[in-house]
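I set out to record what I looked up in this structure, entry by entry.

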Amino acid sequence: MERFSLDLPSPLYVFDENYFSNIVSDLQEKGFSIRPLGVPEFVIDALVACQDTLSKQAYRRAGIGRAQQFQHHEKVRSDEICWIDGTSSEGQLWLEWCEALRLYINRHLFMGLFSFESHFACYGPGNFYKRHLDAFKGQSNRMLSVVTYLNDDWQATEGGELVLYASEQDDIGVRVLPEKGTIAIFLSEVFPHEVLTAKRERHSVAGWFRLNTSINENIDPPK
């Protein structure tokens, strides 16, 4: 079995390359990948452990837009988020797995992915995120969106599915149950998506692989 090593200043982790090759094959074929148990169990367990230690005060109401365009819009989304900065060993493990994935994707798909940002997301009962794109063509450096789920025994009757649409004209989409260990990765500029109203507390980790679009003194992504 092939293994993928990532040499970072923090402890060295060895990751199973099969996870990455499955995702790359899906991206090549469809532009998205939905993989039940697509994240190693020890990475998911670390994220669950980290999420369990977060206090309610650690979360902030999510908004839309960035920088000067940022605003809260409760009719669009009603979840709460907590950014992952790698200060915990569990958060650092997740970031390192995603860094290994970034390198693997760049090696095989030549996408030029430059950086990654990520946060925990909590949807309480009644929370949702209306249909949207994570990036607008030509206006953002988000290339790939990543969502993985931390919920045990999630049932279809409990709502909270991610719905991934093939286009603006698609009104059916593909539904992703937010079950523990499932990962969804898709092209940020291509696939509109939404989170249906959850009927119980729902936990996930969302992230984005980004390009480097820095010009002169305008640093993007910011340090």
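The entries below concern a predicted model.

Entry 1, the sheet. I looked up the strand order and found an open sheet of seven strands, arranged S3-S11-S8-S13-S6-S5-S4 with antiparallel pairing. I then asked why one side of S3 and of S4 is left without a neighbour in the sheet. Strand S3 (32–35) and strand S4 (60–61) stand at the edges and each has a single partner strand, so one side of each has no neighbour there.

I followed S4 to strand S5 (residues 80–83), with which S4 pairs in the antiparallel sense over two bridges. For Arg61, I noted Glu80 in S5 as the bridge partner.

I asked which residues have the most contacts inside the largest nonpolar core. They are Trp94, Trp97 and Phe120, in a core of 36 residues. Among the elements that each supply at least two residues of this core, I listed helix H1 (17–30), helix H2 (41–53), helix H3 (89–109) and strand S6 (115–123). H3 gives the most, with nine residues. I also noted a second, separate core of nine residues, including Leu162, Leu164, Val176 and Ala184.

Leaving aside its neighbours within four places in sequence, I found Trp94 in contact with residues including Val39, Val43, Leu47, Ile84, Phe116 and Val205.

Terms used. Residues are numbered from 1 along each chain as its sequence is written. This is a predicted model: local features need pLDDT of at least 70, side-chain atom pairs count only at pLDDT 80 or more; totals for chains, interfaces and linings use all residues. Side-chain values use heavy atoms; hydrogens and water are left out. A nonpolar core is a set of buried Ala, Val, Leu, Ile, Met, Phe, Trp, Tyr and Cys residues joined through side-chain atoms within 4.5 Å. Buried means under 20% relative accessible area, exposed over 50%, partly exposed in between (1.4 Å probe, protein chains only). Helices (H or I, at least four residues) and strands (E, at least two) are DSSP runs, numbered from the N terminus. Contact means heavy atoms within 4.5 Å. Two strands pair if DSSP finds at least two bridges between them.
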